[in-house]
Amino acid sequence: MTASNSPPVVSRSLHGNVLVVSIDHPPVNALGVDVRRGLLEAIDAAQADAAVAAVLIVGAGRNFIAGADIREFGKSPQQPSLPSVCNRIEASTKPVVAAIHGAALGGGLEIALAAHYRLVVRGAKLGLPEVQLGLLPGAGGTQRTPRLIGAAPALDLMLSGRHVPAEEAVSLGLADRLGATDDVLGEGLAYARELLASHAGVRPTRAATALANEGAEASRSAIEAARKSTAARQRGLFSPLKIVEAVEAALAMPFDEGLALERKLFVECLESPQRAGLVHAFFAEREVAKAPETKAARPRPVATIGVVGGGTMGAGIAVAVLDAGLPVTMIERDDEALARGRSHVERVYEGLVAKGRMSSDAKAAALARFTGSTSYDALANVDLVIEAVFEDMAVKKAVFAELDRVCKPGAVLATNTSYLDIDDIAATTSRPADVIGLHFFSPANVMRLLEIVVPGRVGPDVVATAFELAKQLRKVPVRAGVCDGFIGNRLLAVYRTAADYLMEDGASPYQIDHAMREFGYPMGPYQVVDLAGGDIGWAARKRRAPTRDPRMRYVQIADRLCERGWFGQKTGRGFYHYEPGARTGTPDPEVEAIVEAERLRAGVSPRSFTDEEIVRRLMCAVINEAANVVREGIALRPLDVDIALIYGYGFPRYRGGPMKYADMLGLPNVLVELERLQQEDPFFWRPSPLIVELVARGADFSSLNAAAS
Ligand code: 3H9
């Protein structure tokens, strides 16, 4: 509720005979209950006031309206509802005009669609992104949009959730006019006056005829096409098929019946666990960017960047930086390696041009920002360096010795290591306060996750600089502490171990992969091994062997494959068999025989597991280790783990990440399962003390998110 002395979130002012209704509800004018109430009162006031001939709705600040207030979902609904506000706007006997700048998304666009006329100014973005929150447009959007622009474009908007720029909104028929200037109020007023002068009158969108004009057959085939592509591309998601169903109703039913069905489907989506998972992900991905150092310190300016190493990772990082408009200097040890590094970078851009995703001019402009050198001295003036050389401590330390020698004071020195001890690397330099981890994921120009690994002696301004860089590179930053594997790879290791145990105990790698794909991962764990290269994990296992706790069960199946040189896709064999050039493999009976032989060797009598058991075990392993990661302060909060796994490891976003998923399962249930598994293997399945503690006090992971934000 708005306190009585705070300014109203919806204000009204009469400009001649046009009532301007302005929504001023920072940060994005979301349609909370006060806004809905204010809009309703404004429309009623306009109806009752003879001095008002037309209504103009505008948004204050940077946006028109960003949609329903997402924070209200899951709470008890308060009146008036958004659909009723939209219906009241549409039923106004005086023309209502929406003048749109910035975002008009979801319920925001639905308000505009309920108005009789829509004007947009340049920079406006219109869309119905509810699908990304596990919802469908629930305030008439599924019924008004097809009537206004036709079934096919309406389905495209709702199923993709994309933001349509002002110009396209006009060409689609979503908006009536593009303002000549950016002055949204002035343009809106001029349009309203013009409409009044021409006696244009009201024009309810429910009576719009695009759907009728499109023809029943075309509409039907749009529905069928959408249904097919949804089943193929949005597998496992709940709300897309509901969207198709609602648009189908727009074809078949009178408007009010269609609205009633939309409401019913909206509530089903609202109550689905997918909505809870996706809304959690929406807020969590904004929360991760707010690490304590970003509030406590100012970032150092970064205008130039060095990248050491021109392999796949170094080149990908260079492209990510070039794409952000910054210049890159790449260092390699000799001319040949440098030429290879440069050609890696060029190849990425050539691929983009070939796919039509980039123009040749843009490619040339990006490459013009790229220089290379075989001498570290070329880094003397850069503001930040990212080392991406071979994953070996001695090699890394040698690079940092050179950086320490040549870089200017105040330059940020970052390592892209995936598991090495960054405190140790920092300690070998004379400036540990400048050393930080920037862990990119491959391909670095595509993957959004950036783990910002914070060693003990780094300065807070260096951490703030890393977060600022992530923003510039359009990455999703997650703050992590130093440990073997940081957040993501540490959890991946446990996930793999639990999968290996299942495999040795009787599940085939193919069943495990299948079960995890059904859970929502794009690939199963063994497909991932084959894609990344089995040799990488093998090297890590050998490295860890001397320090491995003797109580830890060790499954050797993957080692047997690696000993045969079966490293996955790149060698044509791994857990799967690959035809030359193929990226999808087929199950390999020889692998199954090796698995069988290993079970014998280990003295295991195999048993069968259901897909559900497989998922339960792998998830319990990840949740349990994730709890330890939070407990040790490696992750700031559970939500940081969620975002790392969603953006870096293919965890299904609609499940909200492993910690949110644990809360949805019920943390006491997770604990019961861990305790059961502990009977089998007391070392691996020991419940995290954090889970034990939270369950004992009736709390769950979400309480730690709330406490930290
Ligand atoms: C809907 O409308 C359902 C209806 O069909 C039916 C109902 C019956 N609510 O992203 P930013 C917060 S579903 C509450 O960093 P930007 C956000 O958390 C809705 N809060 O800024 C952040 O808070 P904080 C459909 C919201 O400039 C702050 O605003 N609409 C909402 O990069 C700034 O956000 C959508 O899905 C909201 N709706 O981007 C649109 N939106 O400062 C969702 C934002 O505490 N929003 N916040 O971290 C967006 O896409 C972007 O926020 C937007 C601005 C493009 C608008």
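In which loop does Asn29 lie? Keep that question in mind as we walk through this predicted model. Asn29 sits in the loop between strand 2 and helix 1. Its phi is near 55°, which is a positive value in a residue other than glycine. Is Asn29 buried or exposed? Because its relative accessibility is 2%, and buried means under 20%, Asn29 counts as buried.

Stay in that loop for a moment, and you will find Pro27 there too, between strand 2 and helix 1. The peptide bond that leads from Pro26 to Pro27 is cis, with omega near 5°. Another cis peptide bond joins Gln79 and Pro80, and here omega is about 0°. Pro80 belongs to the loop between strand 3 and helix 2.

Now let us follow the chain into helix 1. Several residues of helix 1 are buried, among them Val33, Val35, Leu39, Ile43 and Ala46. What covers the buried residues of this helix? The cover includes strand 1, strand 2, strand 3 and strand 4, along with helix 2 and helix 3.

Finally, jump ahead to Phe486, in the loop between strand 17 (476-481) and helix 20 (488-505). Phe486 has a positive phi of about 55°, although it is not a glycine. With a relative accessible area of 0%, Phe486 is buried.

Note on methods
Residues numbered from 1 in each chain as written. Predicted model: local features only at pLDDT ≥ 70, side-chain atom pairs only at ≥ 80, totals over all residues. Heavy atoms only, no water. Buried < 20%, exposed > 50% of the residue type's maximum accessible area, 1.4 Å probe, protein only. Helix = DSSP H or I, 4+ residues; strand = E, 2+ residues; numbered from the N terminus. Contact = heavy atoms within 4.5 Å.
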